[in-house]
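Please examine the sequence and the structure shown here before reading the report.

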Amino acid sequence: MLDVVLLPGEYAVCRLAAGSALRPALWSDLGDGEVVSVSWSADGVSVICPASRAPAEVETDWRCLRIVGPLGQPVTGTLTALVAPLAEARVNVVAFSTYDTDHVLVPAVRLDEATATLRRAGHRILD
């Protein structure tokens, strides 16, 4: 069983052109519980952030679930414990990790279904 917290507000998943510059407002002065993830590749820049900070068109409105951490030492199967039941329920996910914990984004319109699925899988959802 994992303790999972639902972060406040909606999140965005954005794709920017390779080499794009990012505004400091994207990550400066993050509010309580907010998280930003940026990944660079030769194909482009991927940004996950609160929807209000999105630097480009928002793909879809997402909600962010975070495993209560820090997890400490790497733990095998933690992310799978969340993603597998959601996959069985056919709920789309975008997963990412920080040094301390893992996050799973689910479509905002499927949040109730996603949290119910995780509860049935034995996880505790904290608000």
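The report below treats the overall architecture, the helix contact, the salt bridges and one backbone feature.

## Overall architecture

The model described here is predicted. The protein contains two helices and eight strands. Read from the N terminus, its elements follow the order β-β-β-β-β-α-β-β-α-β.

Of the 127 residues of the protein, 38% count as buried. Among contacts with a separation of 6 or more, 70% are accounted for by residues 24 or more positions apart.

## Packing of the two helices

Helix H1 spans residues 78-88 and helix H2 spans residues 111-120. The two helices pack at an angle of about 120°, and their axes are 9 Å apart. H1 and H2 are therefore oblique to each other, since an angle counts as roughly perpendicular from 65 to 115 degrees and as roughly antiparallel over 145. The crossing in which H1 passes H2 is right-handed.

On the H1 side, the contact involves Leu82, Pro85 and Leu86; these residues meet Ala114, Thr117 and Leu118 of H2. By type, the residues of this contact comprise five nonpolar, one polar and no charged.

## Salt bridges

Side chains of opposite charge can pair when their charged atoms come close. In the whole structure, a search finds three salt bridges.

One of them joins the side chains of Arg124 and Asp3, at 2.7 Å from N to O. Arg124 belongs to strand E8 (residues 124-126) and Asp3 to strand E1 (residues 3-6), so the pair ties together parts that are 121 residues apart in sequence. Arg124 is partly exposed, with a relative accessible area of 42%. Asp3 is also partly exposed, and its relative accessible area is 23%.

A salt bridge is also formed by the side chains of Glu34 and Arg53, with an N to O distance of 3.4 Å. Glu34 is located in the loop between strand E2 (11-16) and strand E3 (37-41), and Arg53 in the loop between strand E4 (44-50) and strand E5 (62-67), so this pair ties together parts that are 19 residues apart in sequence. Arg53, with a relative accessible area of 14%, is buried, because the class of buried residues covers values under 20%.

The side chains of Glu113 and Arg110 meet in a further salt bridge, at 2.8 Å from N to O. Glu113 is partly exposed, with a relative accessible area of 34%. Arg110 likewise counts as partly exposed, at 23% relative accessibility.

## A positive phi angle at Arg90

Where is Arg90 found? Arg90 is located in the loop between H1 and strand E6 (94-97). The phi angle of Arg90 is near 60°, a positive value in a residue other than glycine. At 67% relative accessibility, Arg90 counts as exposed, because that class begins over 50%.

Technical notes: Residues numbered from 1 in each chain as written. Predicted model: local features only at pLDDT ≥ 70, side-chain atom pairs only at ≥ 80, totals over all residues. Heavy atoms only, no water. Axes fitted to C-alpha atoms, helices over the stretch in contact; angles between N-to-C directions. Helix = DSSP H or I, 4+ residues; strand = E, 2+ residues; numbered from the N terminus. Parallel < 35°, antiparallel > 145°, perpendicular 65-115°, else oblique. Left-handed = near helix turned anticlockwise from the far one by under 90°. Contact = heavy atoms within 4.5 Å. Nonpolar A, V, L, I, M, F, W, Y, C, P; charged D, E, K, R; others polar. Salt bridge = Lys/Arg side-chain N within 4 Å of Asp/Glu carboxyl O. Buried < 20%, exposed > 50% of the residue type's maximum accessible area, 1.4 Å probe, protein only.
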